[in-house]
Amino acid sequence: VDYAVLECARSGLLRAGLAFKKCDVAIVTNVSADHLGLKGIHTVEQLAKVKGVIPETVMPGGYAILNADDDLVFEMYRNLQEGVHLVLFSMDENNPRIQRHMKRGGLSAIYENGYITILKGEWKIRVSKTINVPLTYGGKAPFMIQNVLPSVLASYVQGFSIEDIRVAIESFIPSPSQTPGRLNLFQFKNFKILLDYAHNAAGFRALQKFVENMEGSPKIGIVAGIGDRRKEDNINIGKVAAEMFDEVIIRQDKNLRGKTEQELIDMILVGIKEVDPNKKVTIIPSEKEAITYAIKQAPKGALIIVSSDVVPDALNLVMQFKEEEANELYDMGID
């Protein structure tokens, strides 16, 4: 094993601690109001302290890669061990923190003029155009660009060449097999389906910017409330859904996590009605039945966005419909 890349979830940190004592590179992408009200964590600031444990474990000589656009993440630099290198990334090359870091000779990565760019002091090294990076969907998915930036930095500080990094990010294709549940797009004859694991208001906000850049009308969203979130968190999911979609289908997760089906449906409905009391809403608790309904009722030109719970099952169902359509078209003599 040359590298172990570990995701450190909030729940795991609080329940069992870290799975390691020290690391060479730590990345913190953001802190958002999710999972609050659990295990004594009631504010975003408290959650930031939990996530701040990750950069605090970087060994001297290692690298802490922090999001300069997120105040709480950026402030984690104050608790780094002596000898740890601070590395920043930002979607804005004019971010004052990036500017100061550059003048001090620091290392950072930015999104500028359509490029993924590494900054060494005041030198710019353009790694790749975002339209050439499949994960960004031609630059239409800003949150994916934001994810690529620290990934590029993590590779660079470990000694990979710019050429190797460029080839890697330009040849990694998002797909159900490579990135299941992460922006999986399916083109049917008369409509499109986008399947993603977005399951909180922050995730939906990020997805919203991508969906706004996509063609397709009407936009139909399949969403669900989550039982171990606060009431206001589920209401916020409903609000974002009402802003994103022309029609909303409310389903339920397999595991209700402590709340009843009706409680969760009601929370989502409250959020939707606050934004648009006349929004078209259909309630279909079963994820399989909700997806089947959306596909069979899809108007021509529609974009169906599925927020999935059990990703493998949802992917298999969508691919089953895709295969059936392909067979029907083949029988009709249409390639």
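Predicted model: local features only at pLDDT ≥ 70, side-chain atom pairs only at ≥ 80, totals over all residues.
Two packed helices are described by the angle between their axes and the distance between the axes. For helix α9, which covers residues 231-244, and helix α10, which covers residues 261-275, the axes come within 7 Å and cross at roughly 50 degrees. Angles of 65 to 115 degrees would count as roughly perpendicular and angles under 35 degrees as roughly parallel, and α9 and α10 are therefore oblique to each other. The crossing of these two helices, α9 and α10, is right-handed. On the α9 side the contact is made by Lys231, Asn234, Ile235, Ile237, Gly238, Lys239, Ala242 and Glu243, while α10 contributes Leu264, Met267, Ile268, Val270, Gly271, Ile272, Glu274 and Val275. Sorted by class, the residues in this contact of α9 with α10 are nine nonpolar, three polar and four charged.

The aromatic side chains come next. A pair of aromatic rings is described by the distance of the centres and the angle of the planes. The structure holds four aromatic pairs, and one of them is formed by phenylalanine 74 and tyrosine 77, whose ring centres lie 5.1 Å apart with 45 degrees between the planes, an arrangement that is tilted. Of these two residues, phenylalanine 74 has a relative accessible area of 8% and is therefore buried, whereas tyrosine 77, with a relative accessible area of 29%, is partly exposed. In the pair of phenylalanine 188 and phenylalanine 191, the centres are 4.7 Å apart and the planes stand at 10 degrees, so this pair is stacked. Planes under 30 degrees apart count as stacked. Phenylalanine 188 is buried, with a relative accessible area of 3%, and phenylalanine 191 is buried as well, with a relative accessible area of 9%.

Leucine 86 lies in strand β3, which spans residues 85-90, and leucine 86 is partly exposed because its relative accessible area is 23%, where buried would require a value under 20%.

Notes:
Residues numbered from 1 in each chain as written. Heavy atoms only, no water. Axes fitted to C-alpha atoms, helices over the stretch in contact; angles between N-to-C directions. Helix = DSSP H or I, 4+ residues; strand = E, 2+ residues; numbered from the N terminus. Parallel < 35°, antiparallel > 145°, perpendicular 65-115°, else oblique. Left-handed = near helix turned anticlockwise from the far one by under 90°. Contact = heavy atoms within 4.5 Å. Nonpolar A, V, L, I, M, F, W, Y, C, P; charged D, E, K, R; others polar. Phe/Tyr/Trp six-rings, centres within 6.5 Å; stacked < 30°, edge-to-face > 60°. Buried < 20%, exposed > 50% of the residue type's maximum accessible area, 1.4 Å probe, protein only.
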